[in-house]
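I set out to record a few local features of this structure, entry by entry.

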Amino acid sequence: MSISGSNREQWGSKAGFILAATGSAVGLGNIWRFPYLAGENGGAAFIFVYIFCVVLIGIPVLIAEILIGRTTQKNPVGSFRTLHKSKFWRGIGGMGVVAGFVILSFYAVVAGWTLGYIFEAVTGNLLNYDIAEEASSHFVELTASPFWNVGLLALVMILTMAIVYFGVQKGIERGSKIMMPLLFVLLIGLMFYGLTMEGSAQGLTYLFNPDWSKINTNVILAGLGQAFFSMSLGMGAMLTYGSYMSRKENVPTSAVWIAVLDTSVALIAGICIFSVVFATGQNPDVGPSLIFRTLPVVFTKMPGGYLFAILFFVALSLAAITSTVSLLEVTTAYFVDEKKWPRKKAVLIIGTITLLLGVPSALSFSPNTSVDVFGFTFFGITEFISSNLMLPIGGFFIAIFVGWIWGFDKVTEYVKEGSEKLFERFPWMIKGWKIVLRFIAPILIIIVLLSSLGII
Ligand code: PHE
């Protein structure tokens, strides 16, 4: 498959689309971001909000986004141009392209840490930490070094650019077909090991026994933003992947599969991290460094930890790279399709600008080099604006567009293609989907956004 806009191939099979879309969805968002947000936002209460958002808003918007792509067979901006005259809707596609670029700038920093941790694992450095504080200070030391942090960021961007530049998506696809299942198996192994540690039961209570008093508008915004982030939703990545899908395939069923796989990986990662966090008496709310502080303790203690650690960080890096590639590809496809730039020029220019924007994010982890932006680090503010604001706003407009603007009779016809049987058996589904897109999703998103920004 080629993710470029110019010569449009199609996925080989239904599993091809689900695998590729799951490859984009499953990444650092599940294994790094989900546990740390759960830890910062009170555990089970956050998880409840997150799952609620995935089911009620995420899946319907995912169906809408894939459907736009499948119908137009174009990039986000080109899609909206095909479906509507007004510049406004093209602008919504454009906002997705910008969101992808901003997300990539901080995502690549964390992907850099995972690459760095492969080296740590190989040199046996992750096996010296049976005490969590020591694993923490090792992480703090590493990330305080601009050389380590920016160097690895550059490495991730160079790898990502090389892949998008040479268009060797085939390799990535093949690689991720092996690596994704491997990651899944390793995570399950880690989860079972974590659960055998003394004190881990407290982790389960923390994850699944909600303390409702912890819920406030910020927790709800974080849950909503994470639902979008984790499903690669609201910025055109799923739209672009949908544009390679054939009309014979079933959009709603595929969307449900992607959501189920993505959420399962997040929950398994959550169980494994929090069983260790509580078994080793750590604080759940340390923020973005959480998994890098916790996992070395498990690797140190578990039999075969050396090999396990290497495999784990290799698999996680690959999962991260399949996501960085999908992020850079959306922006590249836009400049190639819409601005007629040669692909190589687009990759070089956008990749370099992303790298430069990533540098202040990479420097956010040392008090000497971090800059303060409205009380956030640079990393924190780019992450917040892109994930918690731009993605839900993108999702809001996708829901409005498909629910109200496109013409729901046409939409009904398009979504039925490939899923006739499903809708024959469950005719209420279309109605339910329409109500969610027209009312429930937009109203909920607006209320969450406005109230968390203090406007209502
Ligand atoms: N969903 C990816 C993850 O969970 C991140 C991502 C967001 C990728 C948006 C593409 C678009 O890691």
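This is a predicted model: local features need pLDDT of at least 70, side-chain atom pairs count only at pLDDT 80 or more; totals for chains, interfaces and linings use all residues.

**Entry 1, helix α13.** I looked up the cover of helix α13 (residues 290-301) and found ten of its twelve residues buried. Buried here means under 20% relative accessible area, with a 1.4 Å probe and protein chains only. I listed the buried residues of α13 as Leu290, Ile291, Phe292, Arg293, Thr294, Leu295, Pro296, Val297, Val298 and Phe299. Helices are DSSP runs of H or I with at least four residues, numbered from the N terminus.

Residues are numbered from 1 along each chain as its sequence is written, and side-chain values use heavy atoms, with hydrogens and water left out.

I placed Phe408 in helix α17 (residues 408-416). Phe408 counts as buried because its relative accessibility is 9%. I also checked its C-alpha atom, which is 8.1 Å from that of Lys434, a residue 26 positions away along the chain.

I found Ser246 in the loop between α11 (237-242) and α12 (251-279). Its relative accessibility is 13%, so Ser246 counts as buried. A polar atom of the Ser246 side chain lies 2.9 Å from the backbone nitrogen of Lys248.

Which residues come nearest to the ligand? Of the 14 residues around the ligand, I noted Ala25, Gly29, Tyr107, Phe229 and Ser232 as the nearest; a residue is near if one of its heavy atoms lies within 4 Å. By class, I counted six nonpolar, eight polar and no charged residues in this shell.

I then looked up N and O atom distances. An oxygen atom of the ligand lies 2.8 Å from a backbone N or O atom of Gly29. For Asn30, a polar side-chain atom is 3.4 Å from an oxygen atom of the ligand. In the side chain of Ser232, an N or O atom is 3.0 Å from a nitrogen atom of the ligand. On its own the ligand has 330 Å² of accessible area, of which the protein covers 100%; I note the Shrake-Rupley method with a 1.4 Å probe.

Finally, I recorded α1 (14-25), α2 (28-40), α10 (217-230) and α14 (305-338) as the elements giving two or more residues to the shell around the ligand.

Technical notes: A polar contact is a pair of N or O atoms within 3.5 Å; within protein, one must be able to donate a hydrogen and the other to accept it, and residues adjacent in sequence count only if both atoms are side-chain atoms. Ala, Val, Leu, Ile, Met, Phe, Trp, Tyr, Cys and Pro count as nonpolar, Asp, Glu, Lys and Arg as charged, and the others, Gly among them, as polar. Buried means under 20% relative accessible area, exposed over 50%, partly exposed in between (1.4 Å probe, protein chains only).
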